[in-house]
Amino acid sequence: MTLKVYETEQDAWTVLRIHGELDLVSSPTVRQSVHGAVAAGQHDVVLDLSGVLFCDSSGVGVLIASRRLMKSCGGRLRLILPARGAVDGSHVNKVLGALGVRRLFDVYPDADAATDDESQPLTA
C-alpha cells in the first residue's frame, strides 16, 4: 500500500494527514514532509495518524525523530490517533505503547483538538 501525505494549514498549525502504511519504505516520505514544514518556517506540526493502517519500528523512528526536530527548533509536535486511539483501537497507539514511547507524544483525538492551544492531550 502506498503512503500519502496531505498537508493543510489549520490556525497556526501545519497538519500532515498520513494515509497508508508507515514502514521502512514509506517513512522517509513522512520525514521529508516534516522537514519541509520546518524549512518553510512552520514550527507547530500535527501528524494525523488516523489513516495509518500499519506502523513498524521505522515508522516509530520517524515519529521520534520528528519530535526531536520540533523540540530542537522550539516547535511543537502533536499526534492525532482515532477517537478511541488513546484507549484501545489504534494500531499506531498499540505499537507506541508496546515500545514504551507513547508517553513521549501529545496525542489528540482530532485536528480541532490538536490545533486548539486550550485543549489537553489524551492520557496514555
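Biologist: Leaving aside its neighbours within four places in sequence, which residues is T2 in contact with?

Modeller: T2 is in contact with H19 and G20, where contact means heavy atoms within 4.5 Å. This is a predicted model, in which local features need pLDDT of at least 70 and side-chain atom pairs count only at pLDDT 80 or more, while totals for chains, interfaces and linings use all residues. Residues are numbered from 1 along each chain as its sequence is written, and side-chain values use heavy atoms, with hydrogens and water left out.

Biologist: Why is T2 called exposed?

Modeller: The relative accessible area of T2 is 59%. Exposed means over 50%, buried under 20% and partly exposed in between, with a 1.4 Å probe and protein chains only; T2 is therefore exposed. T2 is found in the segment before β1, and its C-alpha lies 25 Å from that of L99, 97 residues apart in sequence.

Biologist: Why does S27 count as buried?

Modeller: S27, which lies in helix α1, has a relative accessibility of 4% and therefore counts as buried. Not counting residues up to four places away in sequence, S27 touches L22, S58, G59 and V62.

Biologist: What makes β3 largely enclosed by the rest of the structure?

Modeller: Nine of the twelve residues of β3 are buried, so β3 is largely enclosed. Strands here are DSSP runs (E, at least two residues) and helices are runs of H or I with at least four, both numbered from the N terminus.

Biologist: How do you know that β2 and β3 pair?

Modeller: Two strands pair if DSSP finds at least two bridges between them. Eight bridges join β2 (residues 13–22) to β3 (residues 44–55), and these strands run parallel. T14 stands opposite V45 in β3, and the bridge partner of E21 is F54. Five bridges join β3 to β4 (residues 76–80), also in parallel, with R76 in β4 as the bridge partner of D44.

Biologist: Why is one side of β1 and of β5 left without a neighbour in the sheet?

Modeller: The sheet is open, with five strands in the order β1-β2-β3-β4-β5 and mixed pairing. β1 (4–10) and β5 (106–108) stand at the edges with a single partner strand each, so one side of each has no neighbour in the sheet. Neighbouring strands are turned by 25° against each other on average, direction ignored.

Biologist: What makes α1 roughly parallel to α2?

Modeller: Two packed helices are described by the angle between their axes and the distance between the axes. Axes are lines fitted to C-alpha atoms, for helices over the stretch in contact, and angles run from 0 to 180 degrees between N-to-C directions. α1 and α2 pack at about 10°, with axes 9 Å apart. Angles under 35 degrees count as roughly parallel, over 145 as roughly antiparallel, 65 to 115 as roughly perpendicular and the rest as oblique; α1 is therefore roughly parallel to α2. Among the residues making the contact are S27 and V30 of α1 and S58 and G59 of α2.

Biologist: Where does α1 lie relative to the strands?

Modeller: Helix α1 (residues 27–39) lies across β1, β2 and β3, running at about 175° to β2.
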